[in-house]
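The following exercises ask the reader to work through one protein structure step by step.

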Amino acid sequence: PSGGRSPKFLVYKNLLVVGLAWVFFFTAYQSIANLQSSLNSDGGLGTVSLSTIYVSLIVSCIFLPTVMIKKLGIKWTIIVSQFAYILYIAANIYPKYYTLVPTAIILGCNKKTR
């Protein structure tokens with residue numbers, strides 16, 4: 001099944017793919033977060049969005065990571081967490097309160113699992 005490759009090679013390959021994926025996701029997220037208050041200064045939307053991420057992060061850190069890992073497993077928890085980043089980044093294409101705040105809550109609930 002592994003095409004003659006050693007299991008150690010497959011582990012390193014998977015690690016490299018997951019690591020690169022996180023570098024790309026986090027680079028995109030961090031760029032948007034750094035510009036959020038100036039790009040979405042309409043009524044403080046950028047600041048509200050970032051504040052919502054951190055408030056939901058603080059509230060969900062108490063119980064959510066353990067529950068997610070137990071129910072989904074490590075691989076699916078990573079996928080769900082990456083999907084949360086994708087949603088938040090995509091919501092910035094059309095930045096309104098009804099797009100950014102819900103996706104900020106979703107991201108905040110999943111952010112600590114990375």
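**Exercise 1. The packing of α3 and α4**

At what angle do α3 and α4 pack, and how far apart are their axes?

*Solution.* 
Step 1. Two packed helices are described by the angle between their axes and the distance between the axes. Axes are lines fitted to C-alpha atoms, for helices over the stretch in contact, and angles run from 0 to 180 degrees between N-to-C directions.

Step 2. For α3 and α4 the angle is about 150°, and the axes are 8 Å apart.

Step 3. The two helices α3 and α4 are therefore roughly antiparallel. By convention, angles under 35 degrees count as roughly parallel, over 145 as roughly antiparallel, 65 to 115 as roughly perpendicular and the rest as oblique.

Step 4. The crossing of α3 with α4 is left-handed. A crossing is left-handed if the near helix is turned anticlockwise from the far one by less than a right angle, and right-handed if clockwise.

Step 5. On the α3 side the contact (heavy atoms within 4.5 Å) includes Leu-64, Met-68, Tyr-85 and Tyr-88, which meet residues of α4 including Leu-100, Ala-104 and Leu-107. The residues of this contact comprise 13 nonpolar, four polar and no charged. Here Ala, Val, Leu, Ile, Met, Phe, Trp, Tyr, Cys and Pro count as nonpolar, Asp, Glu, Lys and Arg as charged, and the others, Gly among them, as polar.

**Exercise 2. The model and its chain**

State what kind of model this is, and describe the protein chain as a whole.

*Solution.* 
Step 1. The model is predicted: local features need pLDDT of at least 70, side-chain atom pairs count only at pLDDT 80 or more, and totals for chains, interfaces and linings use all residues. Residues are numbered from 1 along each chain as its sequence is written, and side-chain values use heavy atoms, with hydrogens and water left out.

Step 2. The protein chain has four helices and zero strands, and from the N terminus on its elements run α-α-α-α. Helices (H or I, at least four residues) and strands (E, at least two) are DSSP runs, numbered from the N terminus.

Step 3. Along the principal axes, the C-alpha atoms fill a box of roughly 60 × 30 × 20 Å.

Step 4. Of the 114 residues in the protein chain, 32% are buried. Buried means under 20% relative accessible area, exposed over 50%, and partly exposed in between (1.4 Å probe, protein chains only).

Step 5. Among contacts with a separation of 6 or more, 75% join residues 24 or more positions apart.

**Exercise 3. α2 against α4**

How do the axes of helix α2 and helix α4 cross?

*Solution.* 
Step 1. The axes of α2 (residues 45–60) and α4 (residues 97–110) come within 7 Å and cross at roughly 30°.

Step 2. Helices α2 and α4 are therefore roughly parallel to each other, and their crossing is right-handed.

Step 3. Residues of α2 including Leu-45, Val-48 and Ile-53 meet residues of α4, among them Tyr-97, Val-101 and Ile-105. The contact of α2 with α4 consists of eleven nonpolar, five polar and no charged residues.
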